[in-house]
Amino acid sequence: MDQQPPAIILLHRGPPRLQPCHDGTAYGCFTEAGRRGNHLSLRAYPSTESARAAQAATPLTEHTMLLQAPNHMHALPLLPPADPLREPRCKRGVVLVHLFHGACFERVDELVDRYRGVGVVEAGLLEAVDTDCVVWIAIVQDMQALAALHPALRATEAALDTHAELLLLEPCAMSRMRWIGVKQ
């Protein structure tokens, strides 16, 4: 049986705007904590070509990054659609996107083992298609779990000796990627 390769994920940063995800699946939209007016969305596409077409349609003022899981084990899970009436905002958790610029995938994969623990669910470990960047995505239950994870995040950045960015994202009402519904 021939399995399809992992989907290409388009990571998009910019102002909020509604746009249909014609050829793909919307994983979620988020507001970036501490950056008023900055939004981020994760969208999956079945092929590199369809992801590049979506990227080309994005306004030049917005930032995008094409990401791909090297195998199915590291791919983002597609959680069920959200029910904003039954899932209160305070229970959506915080989505972490840790970008390691100039890092080797195998080394990052080895180091993120220290992140696993109570209140943290690893969602995926992806590689940028066009740049030398590895992206670790996780969902933490609350700010207390994030505070407990902070020393491990800093230790990984120090061990890799690369430029790293940590994005703290609050899931919007319809985001599939959220704490609710995540199996621990």
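Student: Which residue forms a salt bridge with R13, and how far apart are the closest N and O atoms?

Tutor: Side chains of opposite charge can pair when their charged atoms come close. A salt bridge is a side-chain nitrogen of Lys or Arg within 4 Å of a carboxyl oxygen of Asp or Glu. In this predicted model, R13 pairs with E32, with the closest N and O atoms 3.2 Å apart. R13 lies in strand β1 (residues 8-14) and E32 in strand β2 (residues 25-32), so the pair ties together parts 19 residues apart in sequence. Strands (E, at least two residues) and helices (H or I, at least four) are DSSP runs, numbered from the N terminus.

Student: Are R13 and E32 buried or exposed?

Tutor: Buried means under 20% relative accessible area, exposed over 50%, and partly exposed in between (1.4 Å probe, protein chains only). Both R13 and E32 are buried.

Student: Which residues are linked with R13 in a network of salt bridges?

Tutor: The network links R13, E32 and E165. E165 meets R13 at 3.3 Å, N to O. This pair links strand β8 (residues 163-171), which holds E165, to strand β1, 152 residues apart.

Student: How many salt bridges does a search of the whole structure find?

Tutor: The search finds five. One of them joins R52 and D130, with 2.9 Å between the closest N and O atoms.

Conventions
Residues numbered from 1 in each chain as written. Predicted model: local features only at pLDDT ≥ 70, side-chain atom pairs only at ≥ 80, totals over all residues. Heavy atoms only, no water.
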